[in-house]
Amino acid sequence: MINPKEHIYSILEKIPDPEIPVLTIIDLGIVRDVIIIDEQTIEIIITPTYSGCPAMDVISFEIKLALLETGYKNIKVTYTLSPAWTTDWMSESGKRKLLEYGIAPPKKNSSRVNKMLFEEETNINCPQCNSSNTNQLSEFGSTACKSLYKCNDCNEVFDYFKCH
Amino acid sequence: MINQKIINATLHLADTTLILAQKNSEWCAHGPILEQDIAITNITLDLIGQSRMFYQYAAELINELENKTETEDTLSYLRSEREFKNFLIAELPNGDWAQTILRQFFFSSFQQLLFEKLQHIEDKQISAIAVKSLKEINYHVKWSSEWVIRLGDGTSESHSRMVKAIEILWPYTGEFFNAEENDLTEVEKIKSNWIQKIEAVFIEANLLIPQNIFMQLGGKQGFHTEHLGYILTEMQSLQRAYPWLEW
């Protein structure tokens, strides 16, 4: 018989992130714990990526929906803030999927995030042509978690999922 | 132990981030260039997120202490001007880009030092919010510092606009360090660190810190400028016209 916790994780693994649907909420490291209270009652603990992440309510709804569909009756989704989310929790398969999708995945460990003024993360490889001859256009991109880069070889503009 | 002190302190943190976010959001679609429009609105989204976490926690504390049914929405949309505890600097008009940037620089630099203290306080939730927010605040400090330098050390026009912005905003920075009974940490002790941070950027930007300026106070106690009433009227109009409305 399949372990119930693993079964729940296998359901959660199919839930895409609403903003970057190529990633699942498991890839992103948003799901922090699954607590089985009894056969029908479970608690899912999730953490927001950024404080203002507008996707949290949708994610919580999607989790409830997916678990209801598979027969669980009482589902509680709880938010936790500590420890604070970091890109270090992103799965390797998540990073690969991001790259294939056209978004450069976070390159370094998040402890390297604090930068000097006017310093930018360099050697971010272009997801289109893999050139490292790229530069940052803006530290803030289309969502809180991304910054905007440009490839100087193929001239393509791309999103970089910044280390956080 | 829940007490009025921690509730007031949490509301002050929530109100300041909400009102500043409300002001900054006026730049949405009006930024000088697209990338910077996106930057200021991204920062604004972080501030709203921080504000929501503080309001949710304040509501939890109030409900437990006073047996009420407050939510983040009732606290932000149904409290009056006199009940808001935000810093005055947050409610001031945006002015030009220089003034908006400078306010963000002053506030984010202060918030960074404050939250570095708050992450170590006993209250677990405030400390968790502080740790989470600091990761975002570091971006805000970097971005606003770079803009202060770019404008201060830019053309004579951009430099003169920064000088004017300093004249307008400096009198509202004293409030950051005005200690009062609800404080969760000794705010007066971070003043010298804040001045050092400001000075380091001002030197690069060819700007000077004003001396012997009268400092405005009152926001934390609910005494506001004439601007807050207009902000709340607009921000709360929907909820007041259609009570209990939900998205």
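Q: Why is strand S7 of chain A largely enclosed by the rest of the structure?
A: Because four of the five residues in S7(A), which spans 157-161, are buried. Buried means 20 or more other C-beta atoms within 10 Å of the residue's own, exposed means 12 or fewer, and partly exposed is in between, with C-beta atoms placed from the backbone. Strands here are DSSP runs (E, at least two residues) and helices are runs of H or I, at least four, numbered from the N terminus.

Q: Before we go on, what should I know about the model and the numbering?
A: It's a predicted model, where local features need pLDDT of at least 70 and side-chain atom pairs count only at pLDDT 80 or more, while totals for chains, interfaces and linings use all residues. Residues are numbered from 1 along each chain as its sequence is written, and chains are lettered from A and ligands numbered from 1 in the order in which they are written.

Q: OK, back to S7(A). How does S6(A) pair with it?
A: Antiparallel, over five bridges, with S6(A) covering residues 146-151. Pairing requires at least two DSSP bridges between the strands.

Q: Where does A:Phe118 sit?
A: In the loop between S4 and S5 (134-138) of chain A. A:Phe118 has a positive phi of about 65° despite not being a glycine. It counts as exposed, with 11 C-beta neighbours inside 10 Å.

Q: Which peptide bond is cis?
A: The one from A:Ser82 to A:Pro83, with omega near -5°. A:Pro83 is in the loop between S3 (74-79) and H3 (92-101) of chain A.

Q: Switching topic: how is chain A divided?
A: Into domain 1 (4-85) and domain 2 (90-161), with bounds from an automatic or database domain assignment. Ten residues from each domain make up their contact, where contact means C-beta atoms, placed from the backbone, within 7 Å.

Q: How far apart are the C-alpha centres of those domains?
A: They lie 27 Å apart.

Q: Last one: how many residues does each chain put into the A–B contact?
A: Chain A gives 19 and chain B gives 23.

Note on methods
Two residues are in contact if their C-beta atoms, placed from the backbone, lie within 7 Å.
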